[in-house]
Amino acid sequence: MAAAAGGAAGRPWRVIPRPVLETVLHNHALHPRVPQPLLLHGPRGVGKSTLLLNRLLPQWSDPPHYAAFVDFLHPAPTSPAHATAAPWSLLADSTPPTLPSLRLQLESALEELTRAAVLKGAVGSKDVLAALSRSHGLHTALSRLAGPAAGRGRGTSSVPVLWARAVLAATSSARGEDPTFRIGEGDAANCSMEETAYMQEAMAALRVAKELLRMQEGWRKEALREMNRTGRFSRPLVNSATDWPCLLLDVLSGAAEVDFFQPKLVLNNVDVLKRATCEDETMVPAAMYHDSFIWRVIALGANEQCLPVFMSTSDGYYSSQAFVDFGFPNIFISRETFGWTQQEAKLHMVSEFFSEKEWKVVDEILGTNTRHLSEIYMLKQKASRPEVLHDTNIEEIVDTYLAHLQVSVVNPAMETALSMVQKFASDVREGKIPENRLSFGAPWRHPPRTDNPDTSYKWAKIQLMDFVQSFVNAEFGLNYLADDSLEILDDPAAVAMMEVGLLYQQREPSFMRPITRGIQRCLARWLVQQRLELNLQESISFLWQRAIRGRSYRHLMKEVGYKLRQENSLVSRSDE
């Protein structure tokens, strides 16, 4: 549903409401505290980000509602144009974001939300101390913050006394120089002196809490370095990286109140956080930071209830495997959406954006993916310009668009997938792959025994071509839970194509399929092109692979008629 400006001769693209899904999400957001986070997931291009940015966030930012929106893929998505900028594949062309920058983005959003709570009078110094005391030992760090006076009275100073001294010192000084937790000139214009003093004390308490947790994290830096060096895992060490954002979540959840202060946290493209890079040896890896933060959000909701947390993603990992990794099948509130059905798309598109004849062509070739439709409509609007090379004929426009997808999306993603399969071969040689993934008869059981890059590349290419060929034979859709075998999830080619974002592993029904029909056509074109480029020896190797060790996933197609049922089942589950 990405919005796009239309040409002078046609109507501009508009964001079309999704009443059922909007109502489900909005009803969840109306609760001040909830026991579970909500996971909004689905293939890329079905309008999740646009729905949040254009339809829901304006309502959630109207007092008494306050929303912190964090888009890990874009620094500051403030307009619908950012929704169109997201890459089709999960691997962006640019350098992956770093964990420190994403961490700062998350913490800054929560700090702004906490600042709003303080200015509303919903958070005080005692609330911050209570949240800190539940999960942290404070005496030593507070003694250092409180100064020499605390040292002279070590035997009699309790944590509340030390806390009061540290907050008083922060109130009367510029400790931390953090502009977020300071009251500006116009923030307390209509408040009494007592109310202003209460807010100043709360701001000082938050500065003290932030400095205290940073101090404790600093004490663990060498232990973190050792953990990263040895590859071991320590939950307290990993949790130290997420102490500050989780403390703010705890404070905000306690301050939430109906019709007074109702905060929400929206994490868009949360999968980017899991894949971020981090070169600092004294910081936890990005995947551990991601898991720790989500674990603690789940724990806060289960134990005391948490403010509504929405996580949006296009990664198929969150449709199935995340529920297993984080505990049990209902650990999140799952809302999976696949965009429009064929009937809904036709209702919205025909006559307003496409003629009946044009729609038949677009629907047959590209399907009903919303971003495909918006991008095709933009090309149609621009087709009359003299500098544009394609014709105004809809078939020519669609063919040009498919060529663009092939060159800019599918081919680079498949090259990345090839490198992943090559890495799998290297890991097999080094003994990093467990034996149960190399079971007898597996097509990938015998990678090259040498580390020759050319041999490894040819093997990986044949493996990927073999998988795509078997996928074509299975009509581009597999039920990965059929026979309860999960065998396809061991296939390195399938895993690689899911990781680059060309395939989507959906939750219900449990199909693995290309993210769109347009991407599906490009995958078939990629296979044809690769077969044409094979020399005689490579062609023999590929045919031998198909005949002797080739993949066959047709048994994962439930029964005859699968293709028709798949098309009919690709509807949003948000109305359940």
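Which residue in β5 is the bridge partner of Leu 40? Arg 335 is that partner, and the notes below place this pair in its sheet.

1. **What you are looking at.** This is a predicted model, where local features need pLDDT of at least 70, side-chain atom pairs count only at pLDDT 80 or more, and totals for chains, interfaces and linings use all residues. Residues are numbered from 1 along each chain as its sequence is written, and side-chain values use heavy atoms, with hydrogens and water left out.

2. **Overall make-up.** The protein comes to 24 helices and 8 strands. Helices (H or I, at least four residues) and strands (E, at least two) are DSSP runs, numbered from the N terminus. Of the 576 residues, 52% count as buried; buried means under 20% relative accessible area, exposed means over 50%, and partly exposed is in between (1.4 Å probe, protein chains only). Take the contacts with a separation of 6 or more: 77% of them are between residues 24 or more positions apart. Contact here means heavy atoms within 4.5 Å.

3. **The five-stranded sheet.** 5 strands make an open sheet with parallel pairing, in the order β2-β3-β4-β1-β5. Two strands pair if DSSP finds at least two bridges between them. β2 (65-71) and β5 (333-336) are at the edges with a single partner strand each, so one side of each has no neighbour in the sheet. From one strand to the next, the twist averages 15°.

4. **Both ends of that sheet.** At one end, β2 pairs with β3 (residues 262-268) in the parallel sense over 7 bridges, and Val 70 stands opposite Leu 267 in β3. At the other, β1 and β5 pair in the parallel sense over 4 bridges. Both faces of β5 are covered: Ile 333 and Arg 335 on one side are buried, and so are Ser 334 and Glu 336 on the other. In a regular strand the side chains alternate between the two faces of the sheet.

5. **Helices across the sheet.** α1 (residues 19-29) lies across β1 (38-41), β3, β4 (309-313) and β5, and runs at about 160° to β1. α2 (residues 48-60) lies across β1, β2, β3 and β4, at about 155° to β2. For these angles, axes are lines fitted to C-alpha atoms, for helices over the stretch in contact, and angles run from 0 to 180 degrees between N-to-C directions.

6. **A loop residue to look up.** Have a look at His 31, in the loop between α1 and β1. His 31 is partly exposed, with a relative accessible area of 43%. Leaving aside neighbours within four places in sequence, His 31 is in contact with Gln 262 and Pro 308. His 31 and Gln 262 are 231 residues apart in sequence, yet 7.9 Å apart in space, C-alpha to C-alpha.

7. **α5 against α12.** Helix α5 (residues 125-135) and helix α12 (residues 243-255) pack at about 125°, with axes 9 Å apart. They are therefore oblique to each other: angles under 35 degrees count as roughly parallel, over 145 as roughly antiparallel, 65 to 115 as roughly perpendicular and the rest as oblique. Asp 127, Val 128, Ala 131, Leu 132 and Arg 134 of α5 make the contact with Leu 247, Asp 250 and Val 251 of α12. By class, this contact has 5 nonpolar, no polar and 3 charged residues. Ala, Val, Leu, Ile, Met, Phe, Trp, Tyr, Cys and Pro count as nonpolar, Asp, Glu, Lys and Arg as charged, and the others, Gly among them, as polar.

8. **α18 against α19.** Helix α18 (residues 370-382) packs with helix α19 (residues 394-429) at about 120°, axes 10 Å apart, so this pair is oblique too. From α18, Arg 371, His 372, Glu 375, Ile 376, Leu 379 and Lys 380 meet Ile 394, Ile 397, Val 398, Tyr 401 and Leu 405 in α19. The residues divide into 7 nonpolar, 1 polar and 3 charged.

9. 3 strands form an open, antiparallel sheet in the order β6-β8-β7, and the edge strands β6 (478-479) and β7 each pair on one side only. 3 bridges join β7 to β8, with Met 512 in β8 as the bridge partner of Gln 505. α21 lies across β7 and β8, at about 95° to β7. Helix α21 (residues 492-499) is mostly covered, with 6 of its 8 residues buried. What covers the buried residues includes α19, α20 (453-473), β7 (503-505), β8 (511-514) and α22 (517-533).
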